[in-house]
Amino acid sequence: MSYPKPSGRSLLARHLTPEVWRLLNDKETRYGVRLAHVVASGLANPDSSVGVYAGDEESYTLFAPLFDPIIADYHGFGPEDRHQSDLEVARLNAPNPDPEGRYVVSTRIRVARNLCCFPFGSALTRRERRIVEATVVRALEDLPGELAGSYHPLYEMDETTKERLIHDHFLFKEGDRFLEAAGLNRDWPDARGIFHNPGKTFLVWVNEEDQLRIISMEPAADLQRVFARLARALAELERRLAFAHSERLGYLTSCPSNLGTAMRASVHVRLPGLAADEARLTALAAAHGLQVRGTHGEHSASEGAVYDVSNKRRLGITEVEAVRELANGVAALIAAEERA
Ligand code: ADP
Ligand code: CIR
């Protein structure tokens with residue numbers, strides 16, 4: 001295949017030069033992942049922001065001449081840097097940015113994980129995906145206390161239940177064209193599903209963009225409690241499952257924007273004053289290391305002036321630092337809203 005010049009302003013378009021293509025085009029990982037597979041989504045979707053998906057752990061080393069510049073660009077994380085994790089709740093010290101509950105509707109912290117020794121979702125076979133599902137569901141079955149819940153396979157769920165769960169922000173959407181072009185929606189809905197406790201404060205998505213998305217969420221802005229629940233769940237799951245992980249890059253994920261902590265800590269916050277100038281809101285959030293999304297997540301618009309505000313960086317920052325960054329940034333946004 002000759003050099004496919006990417007259009008658009010994605011990180012792929014910036015870093016897939018003819019030289020990088022020539023260098024990597026004939027390489028293949030042990031699980032059979034090639035460069036054309038990694039870049040497929042960004043080529044098909046010129047409006048991508050990132051535009052690449054790793055097909056397996058080895059993609060990050062074999063195709064490093066493409067991934068490393070993308071990683072440096074997104075996270076400010078260089079080739080010599082080493083990622084460090086810190087899930088110690090006692091060190092968090094993140095005060096509730098909205099103790100009177102006037103602005104923050106809800107708080108959600110999720111991390112992505114993939115099982116070690118399998119390809120990632122875009123390169124799984126149907127059979128492997130079913131093995132991943134069975135392995136994960138088994139690990140979730142005997143979680144203690146507040147984490148205990150049940151698994152609901154997508155293929156057994158009726159449309160009304162599914163739509164309600166998506167609308168209420170508990171379940172992933174279907175038919176994402178970025179995931180589609182990456183091969184992450186193959187065999188849909190086979191081996192996909194959601195686990196949750198009765199109160200839906202602890203949830204696990206199975207076989208969406210990553211094999212696990214582990215989520216702690218609840219109304220209002222008690223970041224400390226949401227983080228503590230997530231940390232407890234991760235300690236339990238680490239005992240039961242081995243995750244794809246690298247010394248340098250931390251937890252390994254399909255999209256390089258999620259490497260490291262693989263954590264997105266977000267609040268849904270109502271900012272009617274700042275909503276009058278969304279460009280200014282985005283710039284203000286960015287100045288605090290935060291990213292703004294719409295009310296229904298990535299690639300959605302804001303409804304009723306509710307924005308999804310979260311840490312942008314996930315690599316080269318610890319989990320504790322990422323949540324603290326969110327707490328401080330949200331406090332600053334609320335102060336600006338009060339002035340607006
Ligand atoms: P991800 O969180 O995996 O990066 P999305 O941006 O698609 O992916 O968000 C997934 C879902 O989580 C969406 O329904 C989104 O509205 C919801 N969500 C994100 N943050 C919050 C929050 N703080 N409170 C409630 N729902 C949230
Ligand atoms: C894009 O490049 O715009 C999509 N592939 C999404 C990138 C970042 N989001 C993500 O990983 N969920």
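This is a predicted model: local features need pLDDT of at least 70, side-chain atom pairs count only at pLDDT 80 or more; totals for chains, interfaces and linings use all residues.

Modeller: Residues are numbered from 1 along each chain as its sequence is written, chains are lettered from A and ligands numbered from 1 in the order in which they are written, and side-chain values use heavy atoms, with hydrogens and water left out.

Colleague: Into which domains is the chain divided?

Modeller: Domain bounds come from an automatic or database domain assignment. Here that gives domain 1 (11-75) and domain 2 (89-339), with 24 Å between their centres, taken over C-alpha atoms. Counting contact as heavy atoms within 4.5 Å, domain 1 puts in 23 residues and domain 2 puts in 31.

Colleague: How much area do domain 1 and domain 2 bury between them?

Modeller: Buried area is the accessible area (1.4 Å probe) that two parts lose on being put together, summed over both. For this pair it's about 2300 Å², with 57% of it on carbon and sulfur atoms. On the domain 1 side, Y53, Y74 and H75 lose the most area to domain 2, together 31% of what that side buries.

Colleague: And how many salt bridges are there between domain 1 and domain 2?

Modeller: A salt bridge is a side-chain nitrogen of Lys or Arg within 4 Å of a carboxyl oxygen of Asp or Glu. The count between the domains is two. Elsewhere in your view, look up R248 and D68: they form a salt bridge, their closest N and O atoms being 3.1 Å apart.

Colleague: Which residues surround ligand 2?

Modeller: A residue is near a molecule if one of its heavy atoms lies within 4 Å of it. The residues around ligand 2 include Y53, F178, C255, N258 and H299. At least three shell residues come from each of domain 1 and domain 2.

Colleague: What about its polar contacts?

Modeller: A polar contact is a pair of N or O atoms within 3.5 Å; within protein, one must be able to donate a hydrogen and the other to accept it, and residues adjacent in sequence count only if both atoms are side-chain atoms.

Colleague: Which residues come nearest to ligand 1?

Modeller: Of the 18 around it, S106, R108, R213, S266 and R293 do. The side chain of R108 has an N or O atom 2.6 Å from a ligand 1 oxygen, and a polar side-chain atom of R110 lies 2.8 Å from an oxygen of ligand 1.
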